[in-house]
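My points follow the display.

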Amino acid sequence: MNNSNKGGFVASRWLRLMPIVFVTYSLAYLDRANYSFGAAAGMAKDLQITSSMSSLLGALFFLGYFFFQVPGAHYAENKSAKKLVFGSLILWGLLAAATGIVHNVHFLIVIRFCLGVVESAVMPAMLVFLSHWFTKKERSRANTFLILGNPVTVLWMSIVSGYLVSSVGWRWMFIIEGLPPIIWAFFWWKLVNDKPSEANWLTSQEKKELESALHEEQKGLKPVKNYGEAFRSPLVIRLCLQYFFWSIGVYGFVMWLPSIIKAAPDMSMVATGWLSSVPYVLAVIGMLTASYFSDKTQNRKAFVWPFLLVGAVAFYASYLLGADHFWISFILLVIAGGAMYAPYGPFFAIMPEILPRNVSGGAMALINSMGALGSFAGSYLVGYLNNTTGGFGASYIFMAGSLLLSAILTMTVGKSRKSAESSPEGKLEVSTR
């Protein structure tokens, strides 16, 4: 394949698949993050939810999210990511819409937990899906376009949800925002294929070259028999702990930022929505920049821990300023939010580069499961600290400390083994430095 044809082939995969992947995962974040707006807009009063129960409800999603990560990755790798995501889209849309019609907190508890269970398989399934379509030199950027669904969705969702709860109330907000995943499920089914060999929009030569490149990457990896062996790896264990503490900061921030902003004097829900969207603009810029240079240098670790350290410092500085300096404190929260999101692409590129395909999906799922526990802890404990202390200072310290631990754990991750690629460049070091 000459260079011009090869360039067209690369572009065709990005233009065909990444918009689909982005929209699909965006919808997952829509239906998990809009709870924070319902909580800030009267849901607790209408359903007679106490402060401690509100914190638990915000966190229950992540407890459900913990359970089916590894089975979801196993099914996606050995059966079909396409089928798994299709079913999940429909189910989570129905559950999200059902949130708007409940009149009993006990049903809400069940819905939030089940929503987490349904969505739990999606992240590992999508990471497995991308590993079937993009090579090592593209993977950080591919992962970033997937996870961009998080900050971009929270950005526009913050604005739209602010208007919806002001105009039609929190119930209709949930119902309206639960419908898009159900509709999109059928577009997903029509537009994607699990593997290049199944795609009728690729030529036989393109299929052969892509699958050959992906197969060659596997040759440089040490065989790992099963999930048990992979999960006992010190690197996997360390990354599980790292992602646990990282997720405490991220989801403590995502779930409670609207409430933190709404507490400012004379702050309306519409203004809260606009201000809540600002950190995610910086997050998008950071994610795209970090993933580009991570792929360009083939270095992962150096594009993870510095951002987490910046996030920790920004949270701590915001704490030191206190509530009397709202706008400066808000700018620091914007910096913290952007810094926490920036490293996602490089981080999730690590596993497929150090573990073979038969276990890398499961390892990513295990790491994401620990992230779900961290998200549960962040959502619940940040809310608990806010309610018991009557302010946000304690939760800022908590999130800052969690991000600092995550940054330190990332620094301790050593250099991975060298893997050979059958390319003109010869051996290329896969570095997590």
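1. A crossing is called left-handed if the near helix is turned anticlockwise from the far one by less than a right angle, and right-handed if it is turned clockwise. By that convention, α9 passes α10 in a right-handed crossing; please bear in mind that the model is a predicted one.

2. For this pair, helix α9, spanning residues 149-167, packs against helix α10, residues 169-191, at an angle of about 135°, and their axes lie 7 Å apart. Angles over 145 degrees would count as roughly antiparallel and those from 65 to 115 as roughly perpendicular, and α9 and α10 are therefore oblique to each other.

3. The α9 side of this contact consists of M157, V160, S161, L164, V165 and S167, while α10 contributes G169, W170, M173, I176 and E177. Sorted by class, the contact of α9 with α10 holds 7 nonpolar, 3 polar and 1 charged residues.

4. Turning to the other pair, helix α5 (residues 69-98) and helix α7 (residues 122-131) pack at an angle of about 120°, with 8 Å between their axes, which makes α5 oblique to α7. The crossing of α5 and α7 is left-handed.

5. On α5, the contact is made by Q69, A73, A76, E77, A81, L84, V85, S88 and W92, and on α7 by V122, P124, A125, M126, V128 and F129. The class count for the contact of α5 with α7 is 12 nonpolar, 2 polar and 1 charged residues.

Notes. Residues are numbered from 1 along each chain as its sequence is written. This is a predicted model: local features need pLDDT of at least 70, side-chain atom pairs count only at pLDDT 80 or more; totals for chains, interfaces and linings use all residues. Side-chain values use heavy atoms; hydrogens and water are left out. Axes are lines fitted to C-alpha atoms, for helices over the stretch in contact, and angles run from 0 to 180 degrees between N-to-C directions. Helices (H or I, at least four residues) and strands (E, at least two) are DSSP runs, numbered from the N terminus. Angles under 35 degrees count as roughly parallel, over 145 as roughly antiparallel, 65 to 115 as roughly perpendicular and the rest as oblique. Contact means heavy atoms within 4.5 Å. Ala, Val, Leu, Ile, Met, Phe, Trp, Tyr, Cys and Pro count as nonpolar, Asp, Glu, Lys and Arg as charged, and the others, Gly among them, as polar.
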